[in-house]
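I opened this notebook page to record, entry by entry, what I looked up in the structure shown below.

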Amino acid sequence: MSGAQDAVTITAYPDGPLLVRGAAVLETSDGEPIEVTRRTVALCRCGLSTIKPFCDGTHKAAGFLSLIHISEPTRPERIS
């Protein structure tokens with residue numbers, strides 16, 4: 001049985017890691033499993049973490065900036 005509790009969500013934090021919530025399966029590029037002991041993990045996006053693929057906060061000291069900042073869609077201006 002699956003449902004909302006089984007859903008995996010990935011949230012890209014501006015200038016920070018990808019937060020993965022839920023029962024995600026992580027693997028190396030060779031298909032080897034990566035042990036996950038929590039239901040929420042932070043994955044490195046800056047490439048500087050010493051515990052890859054997980055985030056260790058190095059992005060802050062390095063001044064990492066994500067290229068895309070997703071914002072709320074804008075509404076068209078109303079013409080009177």
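I began with E32, which I found in the loop between strand 2 (18–21) and strand 3 (40–43); helices (H or I, at least four residues) and strands (E, at least two) are taken as DSSP runs and numbered from the N terminus. I note that this is a predicted model, in which local features need pLDDT of at least 70 and side-chain atom pairs count only at pLDDT 80 or more, while totals for chains, interfaces and linings use all residues. Residues are numbered from 1 along each chain as its sequence is written, and side-chain values use heavy atoms, with hydrogens and water left out.

Leaving aside residues up to four places away in sequence, I found E32 touching L26 and E27, a contact being heavy atoms within 4.5 Å.

I then turned to the whole protein chain, which has 1 helix and 3 strands and follows the pattern β-β-β-α when read along the sequence. Of its 80 residues, 16% count as buried. Among contacts between residues at least 6 apart in sequence, I noted that 27% join residues at least 24 apart. The accessible surface of the protein chain comes to about 6,800 Å², with 55% of it belonging to carbon and sulfur atoms; these areas come from the Shrake-Rupley method with a 1.4 Å probe, and for residues only the protein chains shown count as cover.

Next I looked up the cysteines, taking a disulfide as a pair of cysteine sulfur atoms within 2.5 Å, and the count came to 0 disulfides. The closest cysteine sulfur to that of C44 is in C46, at 3.9 Å, and is therefore too far for a bond. C46 itself is buried, with a relative accessible area of 18%.

My last entry concerns cavities, a cavity being a set of points on a 1 Å grid over the protein atoms alone where a 1.4 Å probe fits but cannot get out, with lining residues having an atom within 4 Å of a point. I counted 1 cavity of 30 Å³ or more. Which residues line the largest cavity? I listed V20, G22, A24, L26, V36, R38, R39, T40 and V41. That lining divides into 5 nonpolar, 2 polar and 2 charged residues, with Ala, Val, Leu, Ile, Met, Phe, Trp, Tyr, Cys and Pro counted as nonpolar, Asp, Glu, Lys and Arg as charged, and the others, Gly among them, as polar.

Methods:
Buried < 20%, exposed > 50% of the residue type's maximum accessible area, 1.4 Å probe, protein only. 1 Å grid on protein atoms, 1.4 Å probe; cavity = no way out; pocket = protein on both sides within 12 Å on 5 of 7 lines; lining within 4 Å. Points joined across faces, edges and corners; volume = space filled by probe spheres on them.
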